[in-house]
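I opened a new notebook page for this structure.

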Amino acid sequence: CEKMASSYLWVFVLAGNLLRGIGEAPIMPLGMSYIDDFATEENSAFYIGTVRSVGMFGPSLGFLLGAFCASLWVDIGAVNPDTLTINSKDTRWVGAWWLGILICGATSFMSSLPFWFLPYSLPQEGEQVVKKSTEVYVITQVGQNQMEAPRPPQLKVSEVAKDFFPTLKKLFGNPIFLIYLLLTILQYNSLVGIITFESKFMEQQFNISISRAIFLIGVIVLPITIVGMFLGGFIIKRFKLHIAAMAKFACITFLTAFLLYLLYFGASCQVLQVAGLTVNYSGIKEVSFSKEKPLAVCNSNCGCEATLWDPVCGDNGITYMNPCLAGCKTSVGSGKDLVFQNCSCLGVSGAGNFSAVLGQCPRDKCTREFPYFLALLSIIAFIFSLGGTPTYMLMFRSVSPDLKSFAVGIEALCGRVLGGLPAPIYFGALIDQTCLKWGRKTCGGSGACRVYDTKAFR
């Protein structure tokens with residue numbers, strides 16, 4: 001326990017995320033400005049929409065990889081999976097989360113190498129010569145629309161620091177950009193919160209494993225999002241939308257997606273029936289879940305550990321926190337095939353043959369409703385992503401050309417700091433309030449939540 005308490009491995013995860021964020025900046029935020037600088041106005045939105053949609057293939061493959069890693073037990077090679085008494089549907093299951101980091105880290109390193117060969121500047125699309133007052137371009141005859149790249153300007157740190165605050169003041173003095181920035185922060189908060197806990201929501205509401213939930217998001221929801229982002233850029237190019245039309249188009253799509261999100265409140269499933277927690281030992285629903293009553297007459301003489309969570313499903317359809325609390329006297333089989341018999345508490349409900357198997361009882365009604373929820377989620381993702389590219393183009397069209405790169409950087413910084421960082425914290429805190437049964441750590445203290453109030457969770 002002392003070794004576990006003094007572990008600082010989380011520092012490596014933190015440092016890795018910091019480095020990853022630094023490496024992402026030149027590719028996505030500043031890369032969009034790079035494209036817009038050298039593309040014609042009518043093609044810029046289409047190119048950016050294409051790049052952003054293609055960029056979503058990464059998360060799609062990541063979700064598939066995450067689903068695979070989540071289906072593997074965390075201690076690969078150190079523990080024989082056949083000896084485990086739980087499966088991936090169990091809330092105590094821990095997937096091989098570290099495997100995805102190794103694979104993605106190596107892939108990111110290899111894919112970053114081509115960026116060393118990008119030129120400092122590109123010719124303006126559709127033009128052979130681009131003239132600027134501060135730069136001189138030397139034309140070469142090596143091919144149509146090609147020219148020698150200019151030398152990078154030598155900027156001093158003192159000059160950059162001197163111009164930073166006046167430039168920032170000028171940028172925040174733009175009301176359109178300021179409104180766009182507030183919208184971005186709100187969207188980051190909602191999207192990061194949804195992406196972080198969507199798989200947990202599916203697990204709790206519809207009785208499916210985390211690995212399956214991640215897999216379905218990767219193969220269904222994210223590809224639909226990619227199509228929506230691509231179509232958003234295509235619509236701007238096809239109908240030559242200007243800044244006012246793009247703003248109206250984005251407003252309509254976001255408002256529609258928000259109204260559809262309200263249907264989430266109908267995507268509810270019955271709370272898991274746990275004896276002594278959500279129902280009493282007779283199978284009657286408890287009026288309040290605020291107090292646990294794990295002990296009853298049928299198990300009072302068994303010396304049970306009331307805090308232990310090792311659920312079994314009785315043949316009466318009720319889940320018990322552990323075999324002892326179910327009043328089980330004997331067992332047959334081993335591993336995942338273990339069956340408990342002579343369970344006295346099962347007879348209290350007046351049904352069953354007094355036997356129980358490992359794991360929580362299935363909720364078949366919830367599983368049947370899941371395809372409808374998945375269809376709703378896909379429709380919302382498509383409509384929401386349609387407005388993504390037009391909204392992004394508003395930023396480029398609302399600021400002066402010399403501020404585009406700076407505006408993209410400020411947008412990414414504010415979105416991730418004010419949206420990406422706090423959202424998982426307060427979303428997680430709200431979800432924790434719906435927990436009905438907390439697990440216990442080996443060394444003491446509260447662990448992970450085992451059962452949620454699914455009606456409050458939504």
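My entries below follow the order in which I looked things up.

**Entry 1: a helix pair.** I note at the start that this is a predicted model. I looked at helix α10, residues 243-261, and helix α11, residues 364-386. Their axes are 8 Å apart, and the helices pack at an angle of about 160 degrees. Angles over 145 degrees count as roughly antiparallel, so I wrote down α10 and α11 as roughly antiparallel to each other. I also noted that their crossing is left-handed.

Next I listed the residues that make this contact. From α10 they are Phe249, Thr253, Phe254, Thr256, Ala257, Leu260 and Tyr261. From α11 they are Leu376, Ile379, Ile380, Ile383, Phe384 and Leu386. I sorted the contact residues by type and got 11 nonpolar, 2 polar and no charged.

**Entry 2: Ser211.** I found Ser211 in helix α9, which covers residues 210-239. Is Ser211 buried or exposed? Its relative accessible area is 11%, and the cut-off for buried is under 20%, so Ser211 is buried. I then checked what surrounds Ser211. Its side chain makes a polar contact with the side chain of Ser209, at 3.2 Å. Leaving aside neighbours within four places in sequence, I found Ser211 in contact with Ala67, Ala70, Ser71 and Ser88.

**Entry 3: Tyr34.** I located Tyr34 in helix α3, residues 29-38. With a relative accessibility of 25%, Tyr34 counts as partly exposed. I also looked up Tyr34 and Ser405, which are 371 residues apart along the chain. Their C-alpha atoms are separated by 8.0 Å.

Conventions:
Residues are numbered from 1 along each chain as its sequence is written. This is a predicted model: local features need pLDDT of at least 70, side-chain atom pairs count only at pLDDT 80 or more; totals for chains, interfaces and linings use all residues. Side-chain values use heavy atoms; hydrogens and water are left out. Axes are lines fitted to C-alpha atoms, for helices over the stretch in contact, and angles run from 0 to 180 degrees between N-to-C directions. Helices (H or I, at least four residues) and strands (E, at least two) are DSSP runs, numbered from the N terminus. Angles under 35 degrees count as roughly parallel, over 145 as roughly antiparallel, 65 to 115 as roughly perpendicular and the rest as oblique. A crossing is left-handed if the near helix is turned anticlockwise from the far one by less than a right angle, and right-handed if clockwise. Contact means heavy atoms within 4.5 Å. Ala, Val, Leu, Ile, Met, Phe, Trp, Tyr, Cys and Pro count as nonpolar, Asp, Glu, Lys and Arg as charged, and the others, Gly among them, as polar. Buried means under 20% relative accessible area, exposed over 50%, partly exposed in between (1.4 Å probe, protein chains only). A polar contact is a pair of N or O atoms within 3.5 Å; within protein, one must be able to donate a hydrogen and the other to accept it, and residues adjacent in sequence count only if both atoms are side-chain atoms.
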